[in-house]
Amino acid sequence: MSDNSSTARGYAFKYGDNVDTDVIIPARYLNASEASHLAAHCMEDIDPDFINKVAPGDIIVGGGNFGCGSSREHAPLAIAACGVSCVIAKSFARIFYRNAINIGLPILECDDADSIKTGDLIEINFSTGTITNQTRGDVYKTQPYPEFMRRIIEVGGLINYIAINAMGNEK
Amino acid sequence: MGLTATQKILAAHCGLAKIRPGQLIEARIDLAMGNDVTAPVAIREFNKLDMGVFDPNKIALVPDHFTPNKDVKSADNCKFMRDFAWSNNIAHYFELGEMGIEHCLLPEKGLVAPGETIIGADSHTCTYGALGAFATGVGSTDLACAMATGKLWFKAPQAIRVVLIGKPQRFVSGKDIILHIIGLIGVDGARYMSMEFCGEGLRRLTIDDRFTIANMAIEVGGKNAFFPVDDVTIEYLRSRVDRDYEVVTPDDDAVYERELVIDLSRLRPTVSFPHLPSNTKMIDDAKGTAIDQVVIGSCTNGRITDLRIAAAIIKGKKIASHLRVIIIPGTQSIYMQALDEGLIKSFVQAGCVFSTPTCGPCLGGHMGVLAKGERALSTTNRNFVGRMGHPESEVYLCSPAVAAASSLTGFITDPADVSAGPDATNKQAEAAL
């Protein structure tokens, strides 16, 4: 995440526990992986109206085990392609977590995720790791990223991180 | 403080004597795998790196999800992957006639050995833990980095120790064991953790039972599964793996987050109801639910033992009218075995269809997609909303024996309630191997 994206602000779309990658992007659309194709079907089987309502900067909020199921990177890619600025959940399934970090989609683990409701206006400060619910006047703390993952997100994903390290090794 | 088997394998692959749970490490990869859904995304990321592949002999690419190509977009994806495989001299690219469902195919081809570290851009890569390897599912960008560097970052996992005791009753298979465990601990019960299996009950399990159990570790959020190497494992590896490998065992004082003891003798055939694999019922509470379609196959239950059990129940009978029964062998080799043993004839004469290997219907891709309001009973691994087709369709998960018995009646049926030949048991199927 670069300096100009160290904050995010948008409206929350709230879902429950165990949001799986099949409802984030159904497998019937995995015959292609272009961003516009994935964005057009994001969250289709859990919230068919999502793509008509979501605006750039908005935030998806889940309960526990967000992103469980298949390893499809198409899931975080679809979410990012809709302009979603961050996913907040009580916990994430591990492959979704890796994939989000690896493509540079900010995700935050937050014990208070259940306090956020659909339509709440949320502001996130990634530097301090705080989430402000402007609608309800609450402030939530999040789990900070380990240093290694913070570096990956800072350079925009794992591919950039590898490329930078490869250049470093050649010097 | 001792290490789990998984921690020992990972430590050996990052050149450390010890690692601690939660530690971020960079581990050497022995095999990196992708399929026609995940590899095209990985290849596009890989191409941004301006690096060659780290070792063309340690990459496997398997077109299995939307193959034989179901439409133009799928064909484009497969062609993109094939062109990459050819231009980079990828040793383990499997064209249609020699392919199979990746997690049935790679062990069969000898590409998995004990002690190895394998990543696959498919969540069910955890299947290979059945052979005492560390194997875990990752995403496409992970695959791209592994193909370029031969290394990948991991968080060293904690583990759940699963002790299997007792002897399973008739018609209780690996699928029933893992569905029972998923029902017990929930779909995030092993999130970020290894599931390490042990106990005297292991010797009752065929290698195919173990593949099925390891396969569904991801359905409890697990990072990987691990089975210790024993005579059954070595027998499976004998004709397939001729390179040296290291048999890893957990330390006696390994620290586990949690221990589960499963008495196999108390389990019954088990069914997962919509829309979570953890929504399990024993057959006595599940039977009677009417179904429209049965699928027997997938990376979970598409192996020869699975087909033998199903054929033993179906042979000489007719499937219920108005029911569609689709049977899919895991690999071309399993297809040939089923042909040689007359299993295909039994299926087709009963009114089933027998397909070429494909992941197809498991993920609602093709070859058996469900309409609105339809209900499938399937030996696959997930029953999420919309998994096999329309978001208002339903998927029930079960073993091949339950699927076969239900094929004869048109509703969920206890295999013990249909007259099956004496060979329709795990033990007999194993003896026939």
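This is a predicted model: local features need pLDDT of at least 70, side-chain atom pairs count only at pLDDT 80 or more; totals for chains, interfaces and linings use all residues.
## Overall form of chain A

Chain A contains 7 helices and 7 strands. Read from the N terminus, its elements follow the order β-α-α-α-β-α-β-α-β-β-β-β-α-α. The radius of gyration of chain A is 16 Å, close to the 16 Å that the globule rule gives for 171 residues, so chain A is as compact as a globular protein of that length. Along the principal axes, the C-alpha atoms of chain A fill a box of roughly 50 × 40 × 25 Å.

Of the 171 residues in chain A, 50% count as buried. Contacts in chain A can also be sorted by how far apart the two residues are in sequence. Among contacts between residues at least 6 apart, 68% join residues at least 24 apart.

## The sheet in chain A

In chain A, 7 strands make up an open sheet with mixed pairing, in the order S4-S3-S2-S1-S5-S6-S7. At the edges are strand S4 (107-109) and strand S7 (138-141) of chain A, each of which pairs on one side only. From one strand to the next, the twist averages 30 degrees.

One pair in chain A can be followed down to its residues. Strand S5 (residues 121-125) and strand S6 (residues 130-133) of chain A pair in the antiparallel sense, over 4 bridges. A:Glu123 has A:Thr132, in S6(A), as its bridge partner.

## Where chain A meets chain B

The two chains touch: 37 residues of chain A are in contact with 44 residues of chain B. Which elements give two or more residues to the side of chain A that touches chain B? They are helix H1 (21-24), helix H5 (94-103) and helix H7 (158-170) of chain A. The largest share of this side, 6 residues, comes from H5(A).

By residue type, the side of chain A that touches chain B divides into 17 nonpolar, 12 polar and 8 charged residues.

## Two domains in chain B

Chain B is divided into domain 1 (5-263) and domain 2 (271-431). The C-alpha centres of these two domains of chain B lie 24 Å apart. Across the boundary, 36 residues of domain 1 of chain B are in contact with 36 residues of domain 2 of chain B.

On the side of domain 1 that touches domain 2, at least two residues each are supplied by helix H4 (102-108), helix H6 (174-185) and helix H7 (207-215) of chain B. H6(B) gives the largest share of that side, with 6 residues. The residues of the side of domain 1 of chain B that touches domain 2 divide into 12 nonpolar, 14 polar and 10 charged.

## A buried helix in chain B

Why is helix H14 (residues 400-409) of chain B described as largely enclosed by the rest of the structure? The reason is a count: 9 of the 10 residues of H14(B) are buried, so the helix is largely enclosed. A residue counts as buried if 20 or more other C-beta atoms lie within 10 Å of its own.

The buried residues of H14(B) include B:Pro400, B:Ala401, B:Val402, B:Ala403 and B:Ala404. Further along the helix, B:Ala405, B:Ser406, B:Ser407 and B:Leu408 are buried too. H14(B) is followed by B:Gly410, whose phi is positive, near 90 degrees.

Terms used: Residues are numbered from 1 along each chain as its sequence is written. Chains are lettered from A and ligands numbered from 1 in the order in which they are written. Two residues are in contact if their C-beta atoms, placed from the backbone, lie within 7 Å. Ala, Val, Leu, Ile, Met, Phe, Trp, Tyr, Cys and Pro count as nonpolar, Asp, Glu, Lys and Arg as charged, and the others, Gly among them, as polar. Domain bounds come from an automatic or database domain assignment. Two strands pair if DSSP finds at least two bridges between them. Axes are lines fitted to C-alpha atoms, for helices over the stretch in contact, and angles run from 0 to 180 degrees between N-to-C directions. A residue is buried if 20 or more other C-beta atoms lie within 10 Å of its own, exposed if 12 or fewer, and partly exposed in between; C-beta atoms are placed from the backbone. The radius of gyration is taken over C-alpha atoms; the globule rule is 2.2 Å times the number of residues to the power 0.38.
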